Amino acid sequence: MAGVLLPLWGLGADAPRLGIDPVERIVRAMTLEEKASLLVGASMEDYSGEGSVAGRTLRYIPGSAGTTVPMPQYGIPPTVMADGPAGLRIDPVRRGETRTYHCTAFPVGTMLASTWNPELLEEVGAAIGNEVLEYGCDVILGPGMNIHRNPLCGRNFEYYSEDPLLSGKCGAAMVRGIQSQGVGTSVKHFVANNQEGLRLQNDARVSQRALREIYLRGFEIAVREGKPWTVMSSYNRLNGPYTQENRDLLTTILRDEWGYDGIVVTDWIGRRNTVAQVHAGNDLMMPGEPSQSEEIVRAVREGRLDERDVDLCVRRMLEYIMRTPRFRGHEPSNRPDFTHHAATARRAAAEGMVLLSNRHETLPLAAGSRIALFGVNAYEYIGCGTGAGFVYAPYMTDLNRSFAEAGFQPDSLTEALYASYLAFGQALYAEQNARLVLGNRFYPPESPLTEEFIAARAATSDIAVVSFGRLSGEGNDRPVSDYYLTTEERTLLERVCSAFHAREKRVVVVLNIGGVVETASWSELPDAILVGWQGGQEGGRATVDVLGGKVSPSGRLPMTFPIDYGDHPSSHNFPLNYRSHRGDWADDAPERRLRNLGFTDYEEDIWVGYRYFTTHAPERVAYPFGYGLSYTTFDWSDASLAKNGAECRVRVRVTNTGAYPGKEVVELYVAAPEGPLPKPRRELRAFAKSRTLQPGESEWMTLRFALSDLASFDPTCASFVTDAGTYDVELARSADDIRIRLPLKVPAARRRVHDVLNPREPLQLLTFPAESPQTISKANLSVRTTN
């Protein structure tokens, strides 16, 4: 089929034309076969080369994810969808051309969430949207909105947070930014796609309350505030049915309750129950198979599918197509503003870095310092993860070259050693025909180096910087071992700290990671720890911007760093069985180890991330949700709370009392009074970030939330219920660092919604003792049954 366009059906000169005639007239004019074809996508292989509609040349984009079917007889062009979300993913080279089509690699979603700055995310989104537009695509498949239910999900780097409010606000900002360029987004993966293990078949068994308060909430915010063109239904099942076939999810909640008016597109999978998908409200089946169109036609003719369901999807598809650059006749330049986009990526990466520790004011580094740079990922930077979230960037900056560019003096002997080691690793794995990742780049395991070599570096350097990295991606979850430092990494860190501290010199650790790693067992060894995340192509330079003091760190953790992986309640069932590297739970019963094969019981219910830790296990936190240090200090004063109808407004004055310019984040949590439903100790309800404040400068910051945001979902009456009483509005620097409390009297309220998405069978949920446990274990866990 390569190079072949669909046939041009001849309807005569009076055939209705999209954009000229009403959509209803086109729907009435279409044959059933044409309607069915419009609802099933076509892969790029079916549309290579060029075609034309209405006299306009249409070029198909190599490496994009797929297209919709063109119908020239109605003036309907194909539209192109391409992967994201940390930048456009298309092929960087094209057959017969010498020029390249690289795209800017922006910071990953977790790092963008760490900025706590929706305005900055809109800027990043606008830059991404410009590349989508100028490379001739219509929709980028992102942002990723799934919750960090467990730290080992392989795609957490694409997602924002463990908290639905932070996720939703980031997603809405990204959607607004991208769509400001006249192209579309696809908020994904809707919903409860929180693991990669068995993701095509897995049944996520989730209580109504957890769905409403945690897993649906971020999507709701993104849909209501961002208004995405498309929403992508996920691969997995949800309480039985596949999400792609779930009318309660895609129509009752998404459209009837939230008012969504765009299209729903399936995640990229082969044929499922196409008839059920159409009835559910899935408008576009991707990547598309001809048999799916045939199935739709046959089902209508046999009475198994109402043609009105088909017509509704067709109308929404036509309305979507009229929004696209292809339909508007935009001629892509293939020349985005890469200079501006790289600068935006660098600024966002720097603002998303989180300073975990900084003893003895180790950072920022003194100008021109002699630096001994250790760790594979100091020389081979990981800019993003693998799979759909990978971007073919024109370059990737690393710490070594970035330090040199900024006027620091990396140790040349250490650089030469790592260059040889990396070259050896590449040659070794290439010889073994191993599958290389990230554009034929392989990251060999860490080498501890000899004590003698490290001691020699300590004698001639001012400071040591050690970088450890983690790579994950689509299709596989991280193994438990990935959560901890390897033996070689731990040995290297201990040797570096020993040698440099013996000479009263400092050590800095940079974590080039996409998700949580264990820090509690080694955090006292170095003098400073910076979470550098995966910052895209400018990540190396941005890291040096922060380490060198050009930018004062202002990032905050979008998730909790627990003391141990087993401290997460979801570690009991993610995604199959869990066995700690220390042998914990080695005697766990075989029936428990196998019980969630093909399904996952979300036994922890609403107790995800900080909601669990602040309420039940505060002692098990290494670094809390919302945590992050700065090079300067801030004072908060004159806080006030005003209620205007259904909205609450909090104002607080923030003053930079330190010696460095910097930005401050104010997190607003609300603690509810005791009521019939168990509730977290506190929940994030708003946040705000200041502009860069000079020493001594102040800014009045305003945070808003609605009284309805305080409600909890009661499944017994399918309602969001707000209990009457006095709530504590808490202004905080993290979930564990409350600075100001303001009382708020709230009247009782109740809002009923549809009673849908119930688990098919009673779901056993974890319950916790009244006192805070020291760890999650079989001894202090019980279960309760709920419907």
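Start by selecting leucine 668: its bridge partner is alanine 686, in strand β23. Strands here (E, at least two residues) and helices (H or I, at least four) are DSSP runs, numbered from the N terminus. Keep in mind that you're looking at a predicted model, where local features need pLDDT of at least 70, side-chain atom pairs count only at pLDDT 80 or more, and totals for chains, interfaces and linings use all residues. Residues are numbered from 1 along each chain as its sequence is written, and side-chain values use heavy atoms, with hydrogens and water left out.

**The strand and its sheet**

Now select residues 665-671, which make up strand β22. Because 7 of its 7 residues are buried, β22 is largely enclosed by the rest of the structure. (Buried means under 20% relative accessible area, exposed over 50%, partly exposed in between, using a 1.4 Å probe and protein chains only.) In a regular strand the side chains alternate between the two faces of the sheet.

Who are the neighbours? β22 and β23 pair in the antiparallel sense over 6 bridges; two strands count as paired if DSSP finds at least two bridges between them. Tyrosine 669 stands opposite leucine 684 in β23. Strand β27 (residues 725-734) is joined to β22 by 5 bridges, also antiparallel, and there alanine 671 has aspartate 728 as its bridge partner.

Show the whole open sheet next: 4 strands in the order β23-β22-β27-β28, with antiparallel pairing. β23 and β28 (737-746) are at the edges with a single partner strand each, so one side of each has no neighbour in the sheet. On average, neighbouring strands of this sheet are turned by 25° against each other, direction ignored.

**Into the core**

Click on leucine 684. Leaving aside neighbours within four places in sequence, its contacts (heavy atoms within 4.5 Å) include Trp116, Leu166, Tyr610, Phe625 and Tyr669. Leucine 684 is also among the residues with the most contacts inside the largest nonpolar core, which has 85 residues; Ile90, Phe190 and Tyr215 are others on that list. A nonpolar core is a set of buried Ala, Val, Leu, Ile, Met, Phe, Trp, Tyr and Cys residues joined through side-chain atoms within 4.5 Å.

**A helix stop**

Select residues 338-352 for helix α13, whose 15 residues reach 21 Å from first C-alpha to last, close to the 21 Å expected at 1.5 Å a residue. Its buried residues include His341, Ala345, Ala349 and Glu351. What covers the buried residues includes α4 (118-134), β11 (354-358) and, from our sheet, β23 (683-689).

Then hop to helix α9 (residues 274-280) and pick glutamine 277. Buried or exposed? Glutamine 277 is buried, with a relative accessible area of 2%. Beyond its neighbours within four places in sequence, glutamine 277 is in contact with residues including Gln244, Glu245, Arg272 and Met285.

Show cysteine 103 and cysteine 137. Cysteine 103 is buried at 1% relative accessible area, and cysteine 137 is buried at 0%. A search of the whole structure finds 0 disulfides.

Technical notes. Expected span 1.5 Å × (residues − 1). Disulfide = S-S within 2.5 Å. Axes fitted to C-alpha atoms, helices over the stretch in contact; angles between N-to-C directions.
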